[in-house]
Amino acid sequence: MPLAYNRDLQEDKEEAAKLRQDFWVSFGKSFPNKWILYRTKVKPIQFKFYFDNKKAMVCMDIEGDQQEIEKYYNKFLSLRSILAEFLPEVLFEEHYYLENGKEIARIWVEKQGVCIYNKDTWQQTMVFLNENMQQVECFWQEYEDFFKDDF
């Protein structure tokens, strides 16, 4: 490969990384909030934001051994209709595979047709992420104890 081509690829990667960083910094400034995210007090359950070149997502991920994943996924399933009151478009996947091949359970909402590399979609994505994570946290505040209790 010509050296100039490699340099262009490197510049494209750096520009993409800068755009991703700019989005998350801008989101944090536009919607300053101390999100729960990894601090659910239930180790296998984490809340996450996700945004790539096709969609944005607010996720409730369950990680751990298969028994833990199944236990907490079933707890979420038992509250499915209640969770749908907070997140009407909620999706459930017990066997969700991350890009690195790791299997988790994921409960999420998503917004299609947005792109982290297109600043024209940033505002609507920020609003989507903020509103839906607020709903996740409201649900969690009400039902957190249910997830802390053992069967």
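Student: Let's start with Lys-41: does it count as buried or exposed, and at what relative accessibility?
Tutor: Keep in mind that this is a predicted model. Lys-41 lies in the loop between H1 and S1. The cut-off for exposed is over 50% relative accessible area. Lys-41 counts as exposed, because its relative accessibility is 67%.

Student: What is the phi of Lys-41?
Tutor: Here's some background: most residues other than glycine have a negative phi. Lys-41 is not a glycine, yet its phi is positive, at about 70°.

Student: Which loop holds Leu-37, and what is its phi?
Tutor: Leu-37 is found in the loop between H1 and S1. Leu-37 is partly exposed, with a relative accessible area of 21%. Leu-37 isn't a glycine either, and its phi is positive, about 45°.

Student: Now for the charges: how many salt bridges does a search of the whole structure find?
Tutor: The idea is that side chains of opposite charge can pair when their charged atoms come close. Searching the whole structure for such salt bridges gives six.

Student: Where do Lys-18 and Asp-22 sit, and how many residues apart are they?
Tutor: Their side chains meet in a salt bridge, 2.9 Å from N to O. Lys-18 is partly exposed at 47% relative accessibility, and Asp-22 is partly exposed as well, at 25%. Both are in helix H1 (residues 3–30), and they are separated by about one helical turn because they are four residues apart.

Student: What parts does the Glu-63 and Lys-48 pair tie together?
Tutor: In this salt bridge the closest N and O atoms are 3.0 Å apart. Lys-48 is in strand S1 (residues 45–51) and Glu-63 is in the loop between strand S2 (55–62) and H2, so the pair ties together parts that are 15 residues apart in sequence.

Student: Are Glu-63 and Lys-48 buried or exposed?
Tutor: Buried means under 20% relative accessible area. Glu-63 has 16%, and Lys-48 has 17%. So Glu-63 is buried, and Lys-48 also counts as buried.

Student: How many residues apart in sequence are the parts tied together by Asp-61 and Arg-106?
Tutor: Asp-61 and Arg-106 form a salt bridge, with the closest N and O atoms 2.7 Å apart. Asp-61 lies in strand S2 and Arg-106 in strand S4 (residues 103–112), so the parts they tie together are 45 residues apart in sequence.

Student: On to the helices: at what angle do H2 and H4 pack?
Tutor: Two packed helices are described by the angle between their axes and the distance between the axes. For helix H2 (residues 66–78) and helix H4 (residues 122–148), the axes are 11 Å apart and the angle is about 130°. That makes H2 oblique to H4. H2 passes H4 in a crossing that is right-handed.

Student: Which residues meet where H2 contacts H4, and how many are nonpolar, polar and charged?
Tutor: From H2 come Tyr-72, Lys-75, Phe-76 and Ser-78, and they meet Phe-139, Trp-140, Phe-146 and Phe-147 in H4. Sorted by class, the contact has one charged, one polar and six nonpolar residues.

How values were computed: Residues are numbered from 1 along each chain as its sequence is written. This is a predicted model: local features need pLDDT of at least 70, side-chain atom pairs count only at pLDDT 80 or more; totals for chains, interfaces and linings use all residues. Side-chain values use heavy atoms; hydrogens and water are left out. Axes are lines fitted to C-alpha atoms, for helices over the stretch in contact, and angles run from 0 to 180 degrees between N-to-C directions. Helices (H or I, at least four residues) and strands (E, at least two) are DSSP runs, numbered from the N terminus. Angles under 35 degrees count as roughly parallel, over 145 as roughly antiparallel, 65 to 115 as roughly perpendicular and the rest as oblique. A crossing is left-handed if the near helix is turned anticlockwise from the far one by less than a right angle, and right-handed if clockwise. Contact means heavy atoms within 4.5 Å. Ala, Val, Leu, Ile, Met, Phe, Trp, Tyr, Cys and Pro count as nonpolar, Asp, Glu, Lys and Arg as charged, and the others, Gly among them, as polar. A salt bridge is a side-chain nitrogen of Lys or Arg within 4 Å of a carboxyl oxygen of Asp or Glu. Buried means under 20% relative accessible area, exposed over 50%, partly exposed in between (1.4 Å probe, protein chains only).
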